[in-house]
Each structure stands twice: as structure tokens, then as C-alpha cells.
Amino acid sequence: MEHVRLGQSGLKVSRICLGMMSYGNRSQREWHLDENEAEPIVRRAVESGVTFFDTADMYDLGASEEVTGRLISRLFAHREDYVLATKVFFPMGPGPNDGGLSRKHILAGIDASLRRLGTDYVDLYQIHRWDYQTPVEETMQALHDVVRAGKARYIGASSMFAWQFAKAQYLAPTPFVSMQNHYNLVYREEEREMIPLCLDQGVGVIPYSPLARGLLSGSRQRGGRRITTRSGNDPLADEMYSDDDFDIVDAVRAISDERGVSPAQVALAWLLGRPGVIAPVVGVTKLAHLDDAVAAVDLTLSEKEIARLETPYRPHPILGHH
């Protein structure tokens, strides 16, 4: 497993980040895994050299953080051997201050996340979305104070418009080192403004949904047919992608057949080769999924193969910021 710096920071991360959203409470979603089911997958990831793990407070209302903390602490001998990331923004309760990016919620949120994770600090604390109700100056000062208190080593952001990210960086006492955005072969709108901004500012890109919620790995077919449990229970994917995107899926499949590798490996290899991309955040519910992600790090596509993958692209409305 290759390890690289996260943007211009000194923090080194594995080129695959294991997304922990799928682990927690099965009662929340049919395709989620409980702790015992998740352990073999996380163990395989650790054995494969993965050291970067991403979760969020709102995943199963904290259950994902609890499972993540217990699994990671069992599989690593020392806290410094892995990089742990979580996020804050979405409501964690019914109260008016139980969500958002106010100083009150950020300071309460980091303490609650640390309790659930069972650690004194997170390596990367990320704002999950943009808060239109809170002055960005307040948010950035609160994040700065979290870092100064030793509760987070670095801060990052997730889906937002490029102008918002630029404004936050300009005002930040402690700047963001990463952007976790929606980016894959099917959705490349981030290449217009956000990724050029990240390249200019030395911000590492750690895309989520690198396989378009399973579309690029073959979990869906034209006409709405669902192949997997998750694809049959994922209404958000129906809003984000359509049959028009299957021309790209066909190109992925053709190259994977020619190479003798899985479609997931081809799609991830393309993403790993994009400028600014440090580590895709990959969700895994089967050992084979993890093996595909790790193998993609060593798969190099030719210029002709890249052109075949990119030519069918069609523009999309902006997705993932809300």
C-alpha cells in the first residue's frame, strides 16, 4: 500500500481510505454490518496496509463512530499508527443547537465524537456540509480552537461550492487540508472549479462515492434493475444517476474484461490517477470489495483507456452539496 501526504500537510495517509459508514446498526439500513460482521473486513484492510479511516457523527447517530473506535483500537497497537477522520454538521438530536456549525455545536460535537471513538483526538475533523445559518468566521474560529485544544490535528471540509470553500480558507486561522467531495467517473462536475481550487491551494482531495453508489461496479443495470441489497434500498442513487450514465458503465466493463480485472478496479484506478486525488473513501461490505480497492492502487490505465472512459461523460446538475 502506498502512503502519501494529505495535500501540503505533513500528514501521510494510505491511498485507500476505508469509509466506515456501512458499519454500525443494522436496524438503520438493511445493508449495514454490525461490529462482528465488519471486523474481518477492517482486519483485511489493516493487513493490506490501509491506515486511513473515515466516519461521521451522524452515521447511524453515532453507532458508526462507536464501532469504528472499538475495531481500530483492537487492530492497531499504537494510536499513532493510523489516521482517524470524522465529521460534524448534521443534527444529532431534536434540539435547535443539535446540528450545524455553530461554536456551540462544534465544541459539543467534537467531545461527543471523541467519547464514542474512545480516543483523545482525531487526526482529521471535517465539516460535513456548509452551514448557511452560521457566520463562517464563527465556524472557522471554533475549528481553530478544536485544533489548539489538541482534540484534532487537522481540519477538512466536504461537499460545498468552490466560492464557499475559498471564503472559508481565506478567513481560517487554521486552514483546511482536505476536501471530501462527490467525484467519480459518472460525476465530474468538481473538475470545473473545486478541484482546480484545491490544486492551487495544496488541499488534498479525498472523494466520497468513488463508485457512484455501486453504479460503476455493476450493482445496477439499465431500466432500473437492482443487483445488490444496497442498490435495492438506496433511493438517493435514483435521484443522482440515470440510464444516461450507463454508457460510461459500459466502457468500464469493456476495459475490465480486456484487463481481466473487476469494473471497480478500473473505476478506482481512473480516480486514483486524477490530479489532486489523494485517497478515495471506499465503502466496503464484502472482502472482495476491499481487495478490489487495494488492487486498484497498482493498476495503471493507458491514455487510450482513459479517453475511452471519459468520452461518454455528460454534464450533471450539481449533486451532493445539501
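Predicted model: local features only at pLDDT ≥ 70, side-chain atom pairs only at ≥ 80, totals over all residues.
**Strands 6 and 7.** Next I checked how strand 6 and strand 7 (residues 152-158) run, and they pair in the parallel sense, over five bridges. Then I asked what packs on this part of the sheet. I found helix 4 (residues 136-148), which touches both strand 6 and strand 7. The direction of helix 4 makes about 150° with that of strand 7.

I traced the strand order next. It reads 9-8-7-6-5-4-3-10, an open sheet of eight strands with parallel pairing. At the edges I have strand 9 (204-205) and strand 10 (281-283), each pairing on one side only.

**Helix 4 against helix 5.** Back to helix 4, this time for its helix neighbour. I looked at helix 5 (residues 162-171): the two axes come within 9 Å and cross at roughly 55°. For the residues at the meeting point, I listed V136, E137 and M140 from helix 4, and K167, A168 and L171 from helix 5.

**T119.** I moved on to the loop between helix 3 (103-117) and strand 6 (122-127), where T119 sits. Is T119 buried or exposed? Its relative accessibility is 13%, and the cut-off for buried is under 20%, so T119 counts as buried. I then went through its polar partners. The T119 side chain makes a polar contact with the side chain of R79, at 3.1 Å. A polar atom of that T119 side chain also lies 3.2 Å from the backbone oxygen of Y121. Leaving out residues up to four places away in sequence, I get R79, L84 and L114 as the residues T119 touches.

**Helix 10.** Last stop was helix 10 (residues 287-296). I wanted its buried residues and wrote down L290, D292, A293, V294 and A296. What covers them? My list includes strand 3 (17-19), helix 1 (35-47), helix 9 (263-272) and strand 10. Strand 10 was already in my notes as an edge strand of the sheet.

Conventions. Residues numbered from 1 in each chain as written. Heavy atoms only, no water. Helix = DSSP H or I, 4+ residues; strand = E, 2+ residues; numbered from the N terminus. Buried < 20%, exposed > 50% of the residue type's maximum accessible area, 1.4 Å probe, protein only. Polar contact = N/O pair within 3.5 Å; in protein donor to acceptor, adjacent residues only side chain to side chain. Contact = heavy atoms within 4.5 Å. Pairing = 2+ DSSP bridges. Axes fitted to C-alpha atoms, helices over the stretch in contact; angles between N-to-C directions.
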